[in-house]
Amino acid sequence: MPDFVLTPEQIADFVQAALLEDVGPGDRTCDAVIASDATLTADLTAREDCVVCGIPLAEGFFVHLDEDARFDAKMSDGDTAKKGAVIATVSGKAAALLTAERSALNTLQLLSGIATNAKAYKQAMGDAKAKLLDTRKTIPGYRALTKYATSCGGATNHRMGLYDAVMIKDNHIAVAGSVAAAIQAAKAAGERDIQVECDTLDQAAVAVEEGATSLLLDNMDADRLSQAVALYGGTVSLEASGGITLDTIGEIAASGVDYVSVGGALTLSARAIDIGMDYSF
């Protein structure tokens, strides 16, 4: 089960905004071609293996346009679907379902792609104790959906936004003048839970001495991460980040860090899954 869920309000707002963009004042093709009393039944079918994500959103599109539509989910978000598996069956007014089709499929395909990608990264970590974290590298306006999808794939949600926590990164340090100055300023502002991005073990030493509670170990190889674990493991939280791929995440996770965060490779670079809507009149 995902550790992050979408609220009914988030689903409704997204569905309405997406349909306004796609349908606007009306679907001219359906209005011209499809009889008002025509009905259909269709299966949403996985055309490749995947982790399913976005079922409640897909349902939301169909029901928004046909409140009497019947949506029979055969699977739940987070389930693994094999190629050919029926994810859900929908029945209702043909014009409404055809109008909703592309928005429903686009959403289901992309979110399933992100969830599938997250599962691949999680599995590549092997038996390491580290948790897989997502980041703020999401398309603006779609963060909640993206983080829901990573959660369905087994990732743990990092902060939702800048308001969640203090994370002092390289540019903050550059403007503040030093690691020590940045941490001291944060503490003076009343912050006590402070994460600091460290490019070197020397920076990590200063951060710990100044009272950082978490270190973001940026672009460090497995050997340096292991050194950091030996020095600070159990004292502060340790997160590996930067340039991590499916090929390297296993070694990174095995270093003993508490967390491994993956940014755009987890979310922005995910490939949409091939999911079709197959009709049965």
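The chain of the predicted model comprises 281 residues, of which 47% are buried. Its secondary structure consists of 10 helices and 12 strands. Along the principal axes, the C-alpha atoms occupy a box of roughly 75 × 40 × 25 Å. The accessible surface of the chain amounts to about 13,700 Å², and carbon and sulfur atoms contribute 50% of this area. When contacts with a separation of 6 or more are considered, 69% are made by residues 24 or more positions apart.

Four strands form an open sheet in the order E3-E5-E1-E12, and their pairing is antiparallel. In general, the strands of a sheet pair through backbone hydrogen bonds, in either a parallel or an antiparallel manner. Strand E3 runs antiparallel to strand E5 (residues 86–93), to which it is joined by four bridges. Within this pairing, Ala73 has Ala88 of E5 as its bridge partner.

Two helices were found to pack on this sheet, as follows. Helix H3 (residues 55–65) touches strand E1 (39–46) as well as E3, E5 and E12. The direction of H3 makes an angle of about 165° with that of E3. Helix H4 (residues 94–124) also packs on the sheet, where it touches E1, E5 and E12. For H4, the angle is about 155°, taken against the direction of E12.

The cysteines were examined next. A search of the whole structure returned zero disulfides. Cys53 takes part in no disulfide, and the cysteine sulfur nearest to it, that of Cys152, lies 3.8 Å away. Cys53 counts as buried because its relative accessibility is 0%, the cut-off for burial being under 20%. Cys152, with a relative accessible area of 8%, is buried as well.

Note on methods
Residues are numbered from 1 along each chain as its sequence is written. This is a predicted model: local features need pLDDT of at least 70, side-chain atom pairs count only at pLDDT 80 or more; totals for chains, interfaces and linings use all residues. Side-chain values use heavy atoms; hydrogens and water are left out. Two strands pair if DSSP finds at least two bridges between them. Contact means heavy atoms within 4.5 Å. Axes are lines fitted to C-alpha atoms, for helices over the stretch in contact, and angles run from 0 to 180 degrees between N-to-C directions. A disulfide is a pair of cysteine sulfur atoms within 2.5 Å. Buried means under 20% relative accessible area, exposed over 50%, partly exposed in between (1.4 Å probe, protein chains only). Accessible areas come from the Shrake-Rupley method with a 1.4 Å probe; for residues, only the protein chains shown count as cover.
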